Amino acid sequence: EKGEVAFEEAYHFRFTATMEVTDHSTKKKQQTRMQQSYGDHALYTILEENDVPVLYDLKNEVSLLIDKSSKTVQVASMAFMEKWATAPKTSEDAQKIRSRKTGASKHINGYRCEEYIIEEDAITIKAWFAPEVDFVFQDYLRGFSKMFSGKRGTNPYGLLNDGYGYVMEMTAYENHKNKTEMKVIHITKEPIDIDLSDYTVQRIF
């Protein structure tokens, strides 16, 4: 019995990226490694430090915390998640953001990437996008925006425009100081299938 919140019995993911996120805002920099797998309407994330998988179902607008050892799943609805979510930028905010393509390019993980500079007030982002990645990354951004804002088609951060591609590297500066880095260090197209048909819902938020 799945309870009041709906989710799928099985999920298929066809593209997985392993990434490192480094926070330089503290004296001792903090680094986190995570794995993200992408399906048609879902995102599967595992943080290396705790090895607890979280599946974001964009179709049913829920997140699922999966415990493989006990065969249980905890489900959080969009309404519950909104309490902690940072509100996405509005279209008016997005108009204040300036982005430009520098013309520089390089290969990352076998994909040709193009550099963009994105600026808003004191924030500057240097990002490398791979336009040839063969899935539409913007669909995931819109999906998360819908979950957190209730508005379809909104860009959740107001800065990742259609056509840029998948983000392979991104460095954010605040007042010209290095704050956060994200690097995709490995990509695989080996499929991942998650079958929850025999899982029990332990709690529903």
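Keep in mind that the model is predicted. Its largest nonpolar core holds 26 residues, and a search of the whole structure turns up seven aromatic pairs. Y166 shows up in both stories: it is among the residues with the most contacts inside that core, and its ring pairs with that of F15.

**The nonpolar cores**

- Inside the 26-residue core, the residues with the most contacts are M19, Y166, M168 and V184.
- Two or more residues each come from β1 (10-23), β2 (30-39), β8 (111-120), β9 (123-130), β10 (166-174) and β11 (177-188).
- Strand β9 gives the largest share, with five residues.
- If you click on M19 and skip residues up to four places away in sequence, you'll find it touching T32, R33, M34, Q36, Y38, Y166, M182, K183, V184 and I185.
- A separate core of 17 residues lies apart from this one, and L55, V62, V73 and V75 are among its members.

**Aromatic pairs**

- F15 and Y166 make an edge-to-face pair, because their planes stand at 70° and the cut-off for that label is over 60; the ring centres are 5.9 Å apart.
- F15 belongs to strand β1 and Y166 to strand β10, so this pair ties together parts that sit 151 residues apart in sequence.
- Both of these residues, F15 and Y166, are buried.
- Y38 joins in too: ring pairs link F15, Y38 and Y166 into a cluster.
- Y116 and Y164 are a stacked pair, with 4.1 Å from centre to centre and 20° between the planes.
- That pair also links distant parts of the chain, as Y116 is in strand β8 and Y164 is in the loop between α3 (137-149) and β10, 48 residues apart.
- Y116 and Y164 are both buried.

**A charge over a ring**

- K106 has its charged end over the ring of W128, 4.6 Å from the ring centre.

**A look at T45**

- You'll find T45 in strand β3, which covers residues 42-47.
- T45 has a relative accessibility of 11%, and the cut-off for buried is under 20%, so T45 counts as buried.
- Leaving out neighbours within four places in sequence, T45 contacts M34, Q35 and Q36, along with V52, P53, V54 and Y56.
- M34 and Q36 are also on the list of residues that M19 touches.

Methods: Residues numbered from 1 in each chain as written. Predicted model: local features only at pLDDT ≥ 70, side-chain atom pairs only at ≥ 80, totals over all residues. Heavy atoms only, no water. Helix = DSSP H or I, 4+ residues; strand = E, 2+ residues; numbered from the N terminus. Buried < 20%, exposed > 50% of the residue type's maximum accessible area, 1.4 Å probe, protein only. Contact = heavy atoms within 4.5 Å. Core = buried A, V, L, I, M, F, W, Y, C linked by side-chain atoms within 4.5 Å. Phe/Tyr/Trp six-rings, centres within 6.5 Å; stacked < 30°, edge-to-face > 60°. Lys NZ or Arg CZ within 6 Å of the ring centre and 35° of its normal.
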